[in-house]
Amino acid sequence: MRTLKEDAREYGAALAASAVFIGGMVWIFGASCPMRILFGIPCPGCGMTRALALLCQGKVWESVQMHPMALFLILGLGFGLAERYGGLWHRRWKGKLLLWFLVGWAVACVLLYLVRMYLLFPHTPPMLYEEKHLFHGLDKLWEQVGNISLK
């Protein structure tokens with residue numbers, strides 16, 4: 001059974017680099033989501049951070065409205081910690097239960113994303129369109145390139 005200290009030693013640098021990268025994206029672009037930065041559209045996880053923050057403040061209903069899968073993320077985190085450090089499951093199931101939970105969670109996130117894009121995009125937070133994205137105006141540039149005559 002692994003210890004938290006072993007994991008911190010093994011994965012600590014990668015976690016710190018990820019935090020610096022995400023912090024840099026927020027500082028430079030004002031958002032941490034690559035889809036929103038590049039294309040201006042929300043991703044399947046849009047609103048998850050805000051939903052978790054609302055959950056930490058005890059605002060459960062607001063959290064569910066922001067992103068319903070945040071509650072299941074907390075459940076999965078507890079499940080994963082119990083599996084990794086608690087040794088609560090038989091060796092035969094180790095890793096398999098968490099894997100199936102995460103696969104189900106990811107599929108549910110994508111299905112929820114499709115429903116939210118249909119019902120809420122582009123007028124309801126967090127499913128808003130960001131007009132100032134990196135590829136804004138690329139369609140006009142593409143049209144100009146297409147109108148170039150090679151005669």
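**Chatting through the model**

Colleague: Hi! Where is the place of Pro122 in the chain?

Modeller: Pro122 sits in the loop between H6 and strand E1, which covers 123-124. Keep in mind that this is a predicted model.

Colleague: Thanks. And the peptide bond from Phe121 to Pro122, is that cis or trans?

Modeller: The bond from Phe121 to Pro122 is cis, and its omega is near 0°. As background, most peptide bonds are trans.

Colleague: Which residues does the other cis peptide bond with omega about 0° join?

Modeller: That one joins Pro125 and Pro126. Pro126 is in the loop between E1 and strand E2, residues 127-128.

Colleague: Let me step back. How many helices and strands does the protein chain have?

Modeller: There are seven helices and two strands. Reading from the N terminus, the order is α-α-α-α-α-α-β-β-α.

Colleague: What share of the residues is buried?

Modeller: Of the 151 residues in the protein chain, 21% are buried. On the contact side, take those with a separation of 6 or more: 47% of them are between residues 24 or more positions apart.

Colleague: On to helix packing. At what angle do H3 and H5 pack?

Modeller: H3 (residues 48-56) and H5 (residues 69-86) pack at about 75°, and their axes are 9 Å apart. The two helices are therefore roughly perpendicular to each other.

Colleague: Which residues make the contact?

Modeller: From H3 you have Met48, Ala51, Leu52 and Leu55, and from H5 there are Met69, Ala70, Leu71, Leu73 and Ile74. By class, that contact has nine nonpolar residues, with no polar and no charged ones.

Colleague: How do the axes of H5 and H6 cross?

Modeller: They cross at roughly 170° and come within 10 Å. That makes H5 roughly antiparallel to H6, because an angle over 145 degrees counts that way.

Colleague: And who makes the contact on each side, H5 and H6?

Modeller: On H5 the contact residues are Met69, Phe72, Leu73, Leu75, Gly76, Phe79, Gly80 and Glu83. H6 brings in Lys96, Leu97, Leu98, Phe101, Trp105, Ala108, Cys109 and Leu112. The contact of H5 with H6 divides into 12 nonpolar, two polar and two charged residues.

Colleague: How much space lies in the second largest pocket?

Modeller: About 190 Å³. Its lining is Leu52, Leu73, Ile74, Gly76, Leu77, Gly80, Leu81, Arg84, Leu98 and Leu102. The elements giving two or more residues to it are H5 and helix H6 (96-119).

Colleague: Which element gives the largest share of the lining of the second largest pocket?

Modeller: H5 does, with seven residues. By class, that lining has seven nonpolar, two polar and one charged residues.

Colleague: Two residues before I go. Ser63 first: buried or exposed?

Modeller: Ser63 counts as buried, because its relative accessibility is 0%. Ser63 lies in helix H4, residues 60-66.

Colleague: What does Ser63 touch, not counting residues up to four places away in sequence?

Modeller: With those left out, Ser63 touches Ala51, Leu54, Leu55, Pro68 and Ala70. Of these, Ala51 and Leu55 of H3 and Ala70 of H5 are also in the contact of those two helices.

Colleague: And where is the place of Leu134?

Modeller: Leu134 is in the loop between E2 and helix H7 (138-146). At 48% relative accessibility, Leu134 counts as partly exposed.

Colleague: How far apart are Leu134 and Phe39 in sequence and in space?

Modeller: Leu134 and Phe39 are 95 residues apart in sequence and 6.7 Å apart in space, C-alpha to C-alpha. Leaving out residues up to four places away in sequence, Leu134 touches Phe29, Ile37 and Leu38.

Colleague: Great, thanks!

Technical notes
Residues are numbered from 1 along each chain as its sequence is written. This is a predicted model: local features need pLDDT of at least 70, side-chain atom pairs count only at pLDDT 80 or more; totals for chains, interfaces and linings use all residues. Side-chain values use heavy atoms; hydrogens and water are left out. Axes are lines fitted to C-alpha atoms, for helices over the stretch in contact, and angles run from 0 to 180 degrees between N-to-C directions. Helices (H or I, at least four residues) and strands (E, at least two) are DSSP runs, numbered from the N terminus. Angles under 35 degrees count as roughly parallel, over 145 as roughly antiparallel, 65 to 115 as roughly perpendicular and the rest as oblique. Contact means heavy atoms within 4.5 Å. Ala, Val, Leu, Ile, Met, Phe, Trp, Tyr, Cys and Pro count as nonpolar, Asp, Glu, Lys and Arg as charged, and the others, Gly among them, as polar. On a 1 Å grid over the protein atoms alone, a cavity is a set of points where a 1.4 Å probe fits but cannot get out, and a pocket is an open set with protein on both sides within 12 Å along at least five of seven lines; lining residues have an atom within 4 Å of a point. Grid points are joined across faces, edges and corners, and a volume is the space filled by probe spheres set on the points. Buried means under 20% relative accessible area, exposed over 50%, partly exposed in between (1.4 Å probe, protein chains only).
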